Amino acid sequence: MDQAPDVTEVAEALRMSIGLFLRRLRQVQAAGELTLPETSALVRLDRGGPATPSELARLEQISPQSMGATLGALEARALIERRPDPADGRRAVMSLTEAGRQMLRHRRDARTQQLARALSAEFTRLELNQLMAAAPLIERLAQRI
């Protein structure tokens, strides 16, 4: 009879393998590419829509000063734009520009191609099918954390 694996062992194996996966994926960085905080801010604006710098700082759990530096760098590259808050003109609202959307698209496409090269070079058809079957499970797990 097949015994269910110990959930703590599964959790540990996933934490370690997914952690390594993410670290390795982040290591390959093209010249002029975004830093991790810049990417995170762009992704927040892409998924959540316009937000104030203080909202972004709170969501990212960093200081307003750190977020200000990150947003300043993104604004200097014309990846985001600052507009007055329609509800309170004293505050600014940051939003993604078309260049920012293109940068995110380019970054995602580059990561996808990086993964595709590794998968095609190193994995059998059976392993590719197993990874494809595991992907929705990993996504569901991420949504439950």
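**Notebook: salt bridges and a helix crossing**

I started with Arg91, which counts as partly exposed because its relative accessible area is 38%. I am working on a predicted model here. Next I looked up the partner of Arg91: its side chain meets that of Asp85 in a salt bridge, 2.5 Å from N to O. Asp85 is buried, as its relative accessible area is 8%, and the cut-off for buried is under 20%.

I then turned to Asp88, which forms a salt bridge with Arg90, with 2.9 Å between the closest N and O atoms. Arg90 counts as exposed, at 76% relative accessibility.

How many salt bridges does a search of the whole structure find? I got nine. One of them joins the side chains of Arg108 and Asp46, at 3.3 Å from N to O. I was pleased to see that this pair links distant parts of the chain: Arg108 sits in helix H5 (residues 98-122) and Asp46 in helix H2 (residues 36-48), 62 residues apart. Arg108 is partly exposed at 36% relative accessibility, and Asp46 is partly exposed too, with a relative accessible area of 31%.

My last stop was the pair H3 (residues 53-60) and H4 (residues 64-76), whose axes come within 9 Å and cross at roughly 115°. The two helices are therefore roughly perpendicular to each other. I noted the crossing of H3 past H4 as right-handed. On the H3 side, the contact is made by Pro53, Leu56, Ala57 and Glu60, and on the H4 side by Pro64, Met67 and Leu71. I sorted these contact residues into six nonpolar, one charged and no polar.

Terms used. Residues numbered from 1 in each chain as written. Predicted model: local features only at pLDDT ≥ 70, side-chain atom pairs only at ≥ 80, totals over all residues. Heavy atoms only, no water. Axes fitted to C-alpha atoms, helices over the stretch in contact; angles between N-to-C directions. Helix = DSSP H or I, 4+ residues; strand = E, 2+ residues; numbered from the N terminus. Parallel < 35°, antiparallel > 145°, perpendicular 65-115°, else oblique. Left-handed = near helix turned anticlockwise from the far one by under 90°. Contact = heavy atoms within 4.5 Å. Nonpolar A, V, L, I, M, F, W, Y, C, P; charged D, E, K, R; others polar. Salt bridge = Lys/Arg side-chain N within 4 Å of Asp/Glu carboxyl O. Buried < 20%, exposed > 50% of the residue type's maximum accessible area, 1.4 Å probe, protein only.
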